[in-house]
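This report goes through one chain, from single residues to the overall make-up.

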Amino acid sequence: MFGKRGNEGFGKAGGAIAPSPPAPAAAAPVASSPAVLVEPSREPQRQQVTPPPTQAPARKRPVRTDEYYDTKQQVFSALIDTIDLSQLSKLDSESAREEIRDIVNDIITIKNFAMSISEQEELLEDICNDVLGYGPLEPLLARDDIADIMVNGAGQTFIEVGGKTMESEIRFRDNAQLLSICQRIVSQVGRRVDESSPICDARLPDGSRVNVIAPPLSIDGPALTIRKFKKDKLTLDQLVRFGAITPEGATVLQIIGRVRCNVIISGGTGSGKTTLLNCLTNYIDRDERVITCEDTAELQLQQPHVVRLETRPPNIEGEGEITMRDLVKNCLRMRPERIIVGEVRGPEVFDLLQAMNTGHDGSMGTIHANTPRECLSRIESMIAMGGFSLPAKTVREIISTSVDVIIQAARLRDGSRRITQITEVIGMESDVIITQDLMRYEIEGEDAGGRLIGRHMSTGVGKPHFWDRARYFNEEKRLAAALDAMEAKTKE
């Protein structure tokens, strides 16, 4: 099945970017030229990144020599001349990897390359990653302790581990190889990145968020940023163990999600907004119809009745764009019971507020803001951006009658993530939106290792504004117990 089929077969399967590439497990090579797939990093190896003690240590990559890369290119060229890529793309990941390993081992034996067993294993791994995966990125994507991968051109890659950013030893051969890998990633979701369209958002098959900005906008080569998702989705119980919220606060959040409060999750970049949104959606009843609207689909809802919608950028002629506002307006015609907007960035916020006001209780979204008050101001500003010529008081009345709860998330200076406020929107007094905090996080100092010390404090609110809603869902006793326990801990 894998006999040689000549250069014509390789040209069809191994172009720079296939129009409809197969799954990454059996994807065609990034480019038809072996040079693009070779990963020579002739710079001296920099300091090895050491993961936290809780993780298994990453295997140290050996220093690569010019001889290694010459050998790799010869083996790769022989592999391309031997293998039938159209048949390889039909195999699952493990079968394809085994097929490549067998052929590469035969090539090494026939050509009589002098290699140790460890060098041969390194070569096999590199070639499999180049043909079936994302080349030099594969070791980083395989590590579950990495939260972000930031590639600043071919010669520099940073990762975030345990809330801290550090440089990785991963390098690319050149910017052409890096751009080819970026093109492979975005083509899998029907998008493209090149000089005419140098900015692109995409996602990996596991839901990880990808952003690419290419030359000429990125001066030193393509900049690739990957926000990785953990293989096991986080839950509120895990957030409690991490110290992001107290058990009592987690119970309040469960009830907020259960009783169909309209929720905005506010926070800065990397504060955990999407993770928290995923946690809250766990408490949506399984018989509810949920529609999600996102720029890049990354939410991982577990309910059986979920419709996922994703925006679309314009084509090369500048036509065919589907905006977030188009999605939100359309999903109102799809009989949703809850609308989940991955990130509110512009005038679509007005349509979301209208949905919250017209029977779609329990809708949720995230927004970039540093405090709940700033969140309300940003919503007001985004409505103005949409060209709605409404009086300021009218806009604030719409906001106050639509949003029930704002949950503030923050990434602190020590890298830890905390839910810093749970804030209710009460209503209007004169021209001002009135809010009240149910809980807030107060920093009390830091330990010898530089980790911040703080605790979640109750504000002493007797009955929250959504008490009647909790009673309607028969959750008022659990809510009262959680608030009482939170206040008792605060007084200790």
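Arginine 260 counts as buried, because its relative accessibility is 15%; buried means under 20% relative accessible area, exposed over 50% and partly exposed in between, with a 1.4 Å probe and protein chains only. The model is predicted, so local features need pLDDT of at least 70 and side-chain atom pairs count only at pLDDT 80 or more, while totals for chains, interfaces and linings use all residues. Residues are numbered from 1 along each chain as its sequence is written, and side-chain values use heavy atoms, with hydrogens and water left out.

Arginine 260 is in the loop between helix H10 and strand S7 (263-267). Helices (H or I, at least four residues) and strands (E, at least two) are DSSP runs, numbered from the N terminus. The phi of arginine 260 is near 65 degrees, a positive value in a residue other than glycine. Arginine 335 also has a positive phi, near 50 degrees. Arginine 335 sits in the loop between helix H12 (324-331) and strand S10 (338-341), and it counts as exposed because its relative accessibility is 59%. Most residues other than glycine have a negative phi, and most peptide bonds are trans.

## A cis peptide bond

The bond from proline 215 to proline 216 is cis, with omega near 10 degrees. Proline 216 belongs to the loop between strand S5 (209-213) and strand S6 (223-227).

Strand S13 (residues 417-429) and strand S14 (residues 432-446) run antiparallel and are joined by eight bridges; two strands pair if DSSP finds at least two bridges between them. Glutamine 421 has arginine 440 in S14 as its bridge partner. Two residues lie between the strands of this hairpin, and serine 430 there takes a positive phi near 60 degrees.

S14 also pairs with strand S15 (residues 452-458), in the antiparallel sense and over seven bridges. Here tyrosine 441 is bridged to histidine 456 in S15. The hairpin of S14 and S15 has five residues between its strands, and glycine 450 in the turn has a positive phi of about 85 degrees. In a regular strand the side chains alternate between the two faces of the sheet.

## Nonpolar cores

A nonpolar core is a set of buried Ala, Val, Leu, Ile, Met, Phe, Trp, Tyr and Cys residues joined through side-chain atoms within 4.5 Å. The largest has 39 residues, and Leu253, Ile256, Val263, Ile407 and Phe466 have the most contacts inside it. Helix H10 (residues 247-258) supplies the largest share of this core, five residues. A second, separate core has 31 residues, including Ile291, Cys331, Ile367 and Met382.

What does isoleucine 407 touch, leaving aside its neighbours within four places in sequence? Its contacts (heavy atoms within 4.5 Å) include Leu253, Val263, Leu280, Ile419 and Gln421.

## Isoleucine 399

Isoleucine 399 lies in helix H15 (residues 392-402) and is buried, because its relative accessible area is 0%. Setting aside neighbours within four places in sequence, isoleucine 399 is in contact with Leu353, Leu376, Ile379, Glu380, Ile383 and Ile433. Isoleucine 399 and isoleucine 379 are 20 residues apart in sequence and 7.9 Å apart in space, C-alpha to C-alpha.

## Aromatic pairs

Rings of Phe, Tyr and Trp (its six-membered ring) pair if their centres lie within 6.5 Å; planes under 30 degrees apart count as stacked, over 60 as edge-to-face and the rest as tilted. The count by this rule is two aromatic pairs. One of them joins tyrosine 472 and phenylalanine 473 edge-to-face, at 5.2 Å centre to centre with 85 degrees between the planes. Tyrosine 472 is exposed, with a relative accessible area of 70%, whereas phenylalanine 473 is buried at 18%.

## The chain as a whole

The chain has 17 helices and 15 strands. Of its 492 residues, 49% are buried. Among contacts with a separation of 6 or more, 60% are between residues 24 or more positions apart.
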